[in-house]
Amino acid sequence: MSRASYSVAMTEAVAKVARNHLLRADGQEDVCFALWRPSQGRSRLTALIHRLLLPEEGERRVHGNASFEPTFFERAMTEAAAEGAGLALMHSHPLGRGWQGMSRDDVRAEQGHAGASFGATRRPLVGLTLASDGAWSGRFWMRTAPRTYARQNCATVRVVGERLSVTYMDELSPPPLANAEQMRTVSAWGEQAQRDLARLRVGQIGAGSVGGLVGDGLARTGFEDVMLMDFDFIETHNLDRLTYATRRDIGQLKVDVQAAHLETRATADPFRVEKIVAAIYDEEGFRAALDCDVLFACVDRPWGRYILNLIAYAHLIPVIDGGISVRSNRHGKLAAADWKAHTATIGRPCLQCLGQYDPGLVQTEREGRLDDPTYIAGLPKGHPLKTRENVFAFSMSCASMQMLQMLALTLAPLGQPNPGAQSYHFVGNITEEPAYGDCHPECQFPALAGLGDDCGIEATGTRNTAVAAAMTDGGPAEAEY
Ligand SMILES: [Zn+2]
Ligand SMILES: [Zn+2]
């Protein structure tokens, strides 16, 4: 079960350059530095590696092992300090496979430079080892007393892009034991894939109809560590769509009821479900999301989607998003029911470029005006914020597509992690060609990749309560689909 307190994440592009440098054709070790930015979750600190500093002529020696000259370290510290970034030291184990332990020389090299590095950057030195199979291992050198730096191993190192690849430290994140309940699941993709999959920490943002089904999918598939976020209560008109709720649950918090439901359906043992009674735009909800390895966006408000989009790029946590839209004609008959699923991650188009939220409405929501019935009433007929129609079967299909997006991202069957953006139209039974591509050239999100807490955007906050107080019940308040 993954309860990472420390983690490292980097993009596939950064990992590729590092691999090309550190895994030498002549089979010797090599070394380099990198700059990192913090992503501070509620219980996990992640170092986001955002730029490599490769050695220049004469800055390191390769002699079977590799060592760096003081001039290289000085240059690296100067660049880190100038950018306000942390410093990371990377080296390779050309004969190693999987998570790597540390030799006495490794410890000496990292611990011996932790003090100077902290002094220059005010951030802990991060050490990383790359094995021959591409597996990363990492640790933070935390200052515990004056001139004393102690090693804190990461539980995971995540490489994020077209695909999500995670190396786990087994001591901190033990591989799950597949059990008889999961026999058919595991035989579909094999034990190794199941071990890598089930240890991911997955966050489900929104416990509506799609969220409810996604949660069931995670629990049955054997995920061990699930975080549920929602601040809403179950109402009568939710009962046609919440797979976890019954009449007895009316008035209860959605996350309380869903968590209890998942406990009885999880095939992992142990299974941990954490409940966050907050919105993603609350500081608490935002930080809880940063503890996750992958997030399901089951919310349909602009502010929530905007924040999840920011997390996908700035914090390198892939976001599996979807959406359902139902329209009836003027005779009250079903005219269109469309749903979609896609993954916002480095190298794929973001939620804003996919048109999943209107950036202009993010500010409107922050001002509390989306909870103002007069504002909603003034929107044109058929506006996505106005239409609340949904049907359980539509949610089932959408939740299934979102689960498949996540499985492709992590399992990459036959090397294919990207199913593209999927879109389905119920009326006419039209499955659109999957859409591939990238963000618009002017989009700001790809440029924020790996900047984490240093990205310079204050995304969280509180809704303007003066307007929100005017909110009426049974109106447009539901924030998830
Ligand atoms: Zn080593
Ligand atoms: Zn974009």
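Predicted model: local features only at pLDDT ≥ 70, side-chain atom pairs only at ≥ 80, totals over all residues.
Residues are numbered from 1 along each chain as its sequence is written, chains are lettered from A and ligands numbered from 1 in the order in which they are written, and side-chain values use heavy atoms, with hydrogens and water left out.

Me: How many salt bridges does the structure hold?
Reply: Side chains of opposite charge can pair when their charged atoms come close. A salt bridge is defined here as a side-chain nitrogen of Lys or Arg within 4 Å of a carboxyl oxygen of Asp or Glu. The number of salt bridges in the structure is 34.

Me: What separates the closest N and O atoms in the salt bridge of Asp30 with Arg24?
Reply: Asp30 has a relative accessible area of 1% and is therefore buried (under 20%; exposed is over 50%, and partly exposed lies in between, with a 1.4 Å probe and protein chains only). Arg24 is partly exposed, at 27% relative accessibility. The closest N and O atoms of this salt bridge are apart by 2.8 Å.

Me: How many residues apart in sequence are the parts that Glu284 and Arg42 tie together?
Reply: The side chains of Glu284 and Arg42 meet in a salt bridge, at 3.4 Å from N to O. Glu284 lies in helix H8 (residues 283–289) and Arg42 in the loop between strands E2 (31–40) and E3 (45–53); helices (H or I, at least four residues) and strands (E, at least two) are DSSP runs numbered from the N terminus. Glu284 is partly exposed at 39% relative accessibility, and Arg42 is partly exposed at 41%.

Me: Are Asp293 and Arg158, which form a salt bridge, buried or exposed?
Reply: The closest N and O atoms of Asp293 and Arg158 are 3.7 Å apart. The pair links distant parts of the chain, 135 residues apart, with Asp293 in the loop between H8 and strand E15 (294–297) and Arg158 in strand E10 (residues 156–160). Asp293 has 0% relative accessibility and Arg158 has a relative accessible area of 0%, so both count as buried.

Me: At what angle do helices H9 and H10 pack?
Reply: Helix H9 covers residues 302–314 and helix H10 residues 359–366, with their axes 8 Å apart. Axes are lines fitted to C-alpha atoms, for helices over the stretch in contact, and angles run from 0 to 180 degrees between N-to-C directions. Pro302, Trp303, Gly304 and Tyr306 in H9 meet Leu361, Val362, Glu365 and Arg366 in H10, where contact means heavy atoms within 4.5 Å. The packing angle is about 115°.

Me: Why does Ile320 count as buried?
Reply: Ile320 is found in strand E16 (residues 319–328). Leaving aside neighbours within four places in sequence, Ile320 is in contact with residues including Val294, Phe296, His342, Gln402, Met406 and Leu409. Ile320 counts as buried because its relative accessibility is 0%.

Me: Is Leu379 buried or exposed?
Reply: Leu379 is placed in the loop between helix H11 (373–377) and H12. Not counting residues up to four places away in sequence, Leu379 touches Leu385 and Lys386. With a relative accessible area of 11%, Leu379 is buried.

Me: What is the omega of the peptide bond from Asp269 to Pro270?
Reply: Pro270 is found in the loop between helix H7 (254–265) and strand E14 (272–276). The peptide bond from Asp269 to Pro270 is cis, with omega near 5°.

Me: What is the phi of Leu414?
Reply: Leu414 lies in the loop between helix H12 (392–411) and E18. At 83% relative accessibility, Leu414 counts as exposed. Although Leu414 is not a glycine, it has a positive phi of about 50°.

Me: What is the phi of Asn429?
Reply: Asn429 has its place in the loop between E18 and E19. Asn429 counts as exposed, at 53% relative accessibility. Asn429 is not a glycine, yet its phi is positive, at about 45°.
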